[in-house]
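Please look at the sequence and the 3D structure below.

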Amino acid sequence: MCSSDLILPVFNEERYLEQCLNTLRKSKYPKDKYEIITVDNGSTDHSVEIIKKSNARLIIKKDVNNFPALESSCTSLNPTVETVIIVM
């Protein structure tokens, strides 16, 4: 079974973030075969604190004009051939 990286772009998502992360963690996919990676684009709410409590990997890339943070994070992941990257 291949491993998967679930990439979750975040900007001021505190209202929905905890539920989203909990739902992803409840997946029946083997826990050792996936990683949740959050890419925060400079949130000013409590999104970063929620991510840190969840133990999801956190990447902070600030760009207030749009979301190139997500693009630059994806290109820096260096996935292996067996890795599937899922951007949500």
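In this predicted model, helix α2 spans residues 47–54, and its residues S47, V48, I50, I51 and S54 are buried. Buried means under 20% relative accessible area, exposed means over 50%, and partly exposed lies in between (1.4 Å probe, protein chains only). Helices (H or I, at least four residues) and strands (E, at least two) are DSSP runs, numbered from the N terminus.

Because this is a predicted model, local features need pLDDT of at least 70 and side-chain atom pairs count only at pLDDT 80 or more, while totals for chains, interfaces and linings use all residues. Residues are numbered from 1 along each chain as its sequence is written, and side-chain values use heavy atoms, with hydrogens and water left out.

- The buried residues S47, V48, I50, I51 and S54 lie on the same side of α2, because they cover an arc of only 160 degrees around the axis. The arc is that of the directions from the helix axis to the C-beta atoms.
- An α-helix has 3.6 residues a turn, so residues three or four places apart point the same way.
- K52 and K53 are on the other side of α2 and are exposed.
- What lies over the buried residues of α2? The cover includes β1 (3–10), α1 (14–25), β2 (34–40) and β3 (57–60). This cover is counted by contact, meaning heavy atoms within 4.5 Å.
- After α2 comes N55, with a positive phi near 70 degrees.

**How α1 and α2 pack**

- The axes of α1 and α2 come within 9 Å and cross at roughly 20 degrees. That angle makes α1 roughly parallel to α2.
- Axes are lines fitted to C-alpha atoms, for helices over the stretch in contact, and angles run from 0 to 180 degrees between N-to-C directions. Angles under 35 degrees count as roughly parallel, over 145 as roughly antiparallel, 65 to 115 as roughly perpendicular and the rest as oblique.
- Which residues of α1 and α2 meet? E14, L17, E18, L21 and R25 in α1 meet S47, I50, I51 and S54 in α2.
- By class, this contact of α1 with α2 has four nonpolar, two polar and three charged residues. Ala, Val, Leu, Ile, Met, Phe, Trp, Tyr, Cys and Pro count as nonpolar, Asp, Glu, Lys and Arg as charged, and the others, Gly among them, as polar.

**The whole protein**

- The protein has three helices and four strands. Read from the N terminus on, the elements run β-α-β-α-β-α-β.
- Of the 88 residues of the protein, 35% count as buried.
- Among contacts in the protein with a separation of 6 or more, 64% come from residues 24 or more positions apart.

**Two asparagines with positive phi**

- N12 is in the loop between β1 and α1. Its phi is positive, about 50 degrees, although N12 is not a glycine.
- N12 counts as partly exposed because its relative accessibility is 30%.
- Leaving out residues up to four places away in sequence, N12 touches S43, T44, D45 and S47. From N12 to V48 the separation is 36 residues in sequence and 8.9 Å in space, C-alpha to C-alpha.
- N55 is in the loop between α2 and β3. N55 is not a glycine either, yet its phi is positive, about 70 degrees.
- Is N55 buried or exposed? N55 is exposed, because its relative accessible area is 67%.

**Other single residues**

- T38 is found in strand β2. T38 counts as buried because its relative accessibility is 0%.
- Not counting residues up to four places away in sequence, T38 touches L8, V10, L21, I51, A56, R57, L58 and I59.
- T38 and K52 are 14 residues apart in sequence, and their C-alpha atoms are 10.0 Å apart in space.
- N41 is found in the loop between β2 and α2. With a relative accessible area of 4%, N41 is buried.
- N41 and V10 are 31 residues apart in sequence and 6.2 Å apart in space, C-alpha to C-alpha.
- C2 is in the segment before β1. At 32% relative accessibility, C2 counts as partly exposed.
- C2 and K33 are 31 residues apart in sequence, with 6.9 Å between them in space, C-alpha to C-alpha.
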